[in-house]
Amino acid sequence: MVRVDIRKDGAENVRYDYNGYFAYVRKGLLSSYPGFAADSHWHDDLEWISVISGDMDYNVNSEVFHLEAGQGIWVNARQLHYGFSPEHRECIFTCVMLHPMLLCASQQIDRDFIMPIITDESFPYILLDSHIPWQQQTLDLIQCVYDIRESPYAPLHIQSLFYRIWILISENATTVRKKAGVSDRKLSILKDMLSCIQENYSSRITLAAIAAAGNVSSSTCLVLFKKYLQDTPANYVTKYRIKKAMNLLSKSDLSITEIAFDVGFRGASYFAETFRKNCGCSPSEYRERHAAP
């Protein structure tokens, strides 16, 4: 199972593929995520998803899109996003994350060609369709990034491909229908509440405490979770605890009972029942499959 590493501010701590070079390149299976759903997260990196086979739904700041083979999406920096399949259908996809600082050859390039896009609230994402030539070119270049990822000169190739991709986005940005943008205030509130959960998951967390972290009422908290995450705070807490348990099951020698209490469950039997519901197997079965050699 895939686990997203989250920093204390709630942003994803991206595990880059190259030492000192901010690039992450993977081919993924949606089934490798618990419940066929990735964590809702955000990061400073720019992200491209290209669907190879199957399909998935993709949520960006509460907008949900259905992506099929030959389609993809570009997600701008600091946007709340995740892929999922409510029907638990498989999807094979390429994921590329590149930090915008890789493009900053000079202050002028940063000022004129990078910051105007990554700070533009009207461009939280761009959908990529193979029927549109420049978007097909973008999808092809993302595939090239994946294909050369193991080359001894991969960082140089990726740097070059990143510039070509960014030229396509820059040249066509004005032709893409602009979005109204999501209130920074609402996203900031939600991120504060998610950070509260991620920092206190091992303890008892009430709805009131989560709402207080965002300085909103409990009813507003429920509305924001439903709007942006299509979930409830209680379900999010449970799923986050399960993901932490998965990490301990695969990397530690703690007993299942100890893990249950460490991640915030008040009993081993309820933990086992909830784990099976979310992961399709028992904690002990998961440990057998994923224990470190």
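**Core.** I started with the largest nonpolar core, which has 55 residues, and looked up who touches the most other members: Ile 73, Met 193, Phe 225, Leu 229 and Phe 275. For the record, a nonpolar core here is a set of buried Ala, Val, Leu, Ile, Met, Phe, Trp, Tyr and Cys residues joined through side-chain atoms within 4.5 Å. Buried means under 20% relative accessible area, exposed is over 50%, and partly exposed lies in between (1.4 Å probe, protein chains only). Helix H7 (residues 233-251) gives this core its largest share, seven residues. A second, separate core has 34 residues, including Val 96, Ile 117, Ile 126 and Ile 142.

**Housekeeping.** This is a predicted model, so local features need pLDDT of at least 70 and side-chain atom pairs count only at pLDDT 80 or more, while totals for chains, interfaces and linings use all residues. Residues are numbered from 1 along each chain as its sequence is written, and side-chain values use heavy atoms, with hydrogens and water left out.

**Ile 73.** What does Ile 73 contact, leaving aside its neighbours within four places in sequence? I got Glu 47, Trp 48, Ile 49, Tyr 58, Val 60, Phe 65, Leu 67, Tyr 125, Ile 126, Leu 127 and Leu 128. Contact means heavy atoms within 4.5 Å.

**Strand E4.** Next I checked strand E4 (residues 71-75): four of its five residues are buried, so E4 is largely enclosed by the rest of the structure. Helices (H or I, at least four residues) and strands (E, at least two) are DSSP runs, numbered from the N terminus. E4 runs antiparallel to E2, with four bridges joining them, and Gly 72 in E4 is the bridge partner of Ser 50. Two strands count as paired if DSSP finds at least two bridges between them. E4 is also joined to strand E7 (residues 125-129), antiparallel, by five bridges; there Val 75 has Tyr 125 as its bridge partner.

**Strand E2.** I then followed E2, which is mostly covered, with 12 of its 15 residues buried. E2 pairs with strand E6 (residues 91-98) in the antiparallel sense over eight bridges, and Val 96 in E6 is the bridge partner of Trp 48. With strand E3 (residues 63-68), E2 pairs over six bridges, again in the antiparallel sense. E2 and E3 make a hairpin with two residues between them, and Asn 61 in the turn has a positive phi of about 50°. Tyr 58 sits opposite Phe 65 in E3.

E2 (residues 46-60) is joined to E5 as well, antiparallel, by four bridges. On the E5 side, Gly 83 is the partner of Tyr 58 and Phe 84 is the partner of Asp 57. I looked at which way the E5 residues (81-84) point: His 81 and Gly 83 go one way, Tyr 82 and Phe 84 the other, and all are buried.

**Helix H7.** I checked the length of H7 against 1.5 Å a residue: its 19 residues should span 27 Å, and its end C-alpha atoms are 27 Å apart, which agrees. The expected span is 1.5 Å times one less than the number of residues. Which helices do the buried residues of H7 pack against? They are H4 (184-200), H5 (207-213), H6 (218-229), H8 (256-262), H9 (268-279) and H10 (283-290). The buried residues of H7 include Pro 233, Arg 241, Lys 243 and Met 246.

**Aromatics.** I found 14 aromatic pairs. Rings of Phe, Tyr and Trp (its six-membered ring) pair if their centres lie within 6.5 Å; planes under 30 degrees apart are stacked, over 60 edge-to-face and the rest tilted. Trp 48 and Phe 162 have ring centres 5.8 Å apart and planes at 85°, so this pair is edge-to-face. The pair links distant parts of the chain, with Trp 48 in E2 and Phe 162 in helix H3 (residues 154-172), 114 residues apart. Both Trp 48 and Phe 162 are buried. Tyr 236 and Tyr 240 have centres 6.4 Å apart and planes at 10°, so they are stacked. They are four residues apart in H7, so about one helical turn separates them. I also noted one aromatic cluster formed by Phe 265, Tyr 270, Phe 271, Phe 275 and Tyr 286.

**Cysteines.** I counted zero disulfides, a disulfide being a pair of cysteine sulfur atoms within 2.5 Å. Cys 279 is in none, and its nearest cysteine sulfur, that of Cys 281, is 5.8 Å away. Cys 279 is buried at 11% relative accessible area, whereas Cys 104 is partly exposed at 33%.
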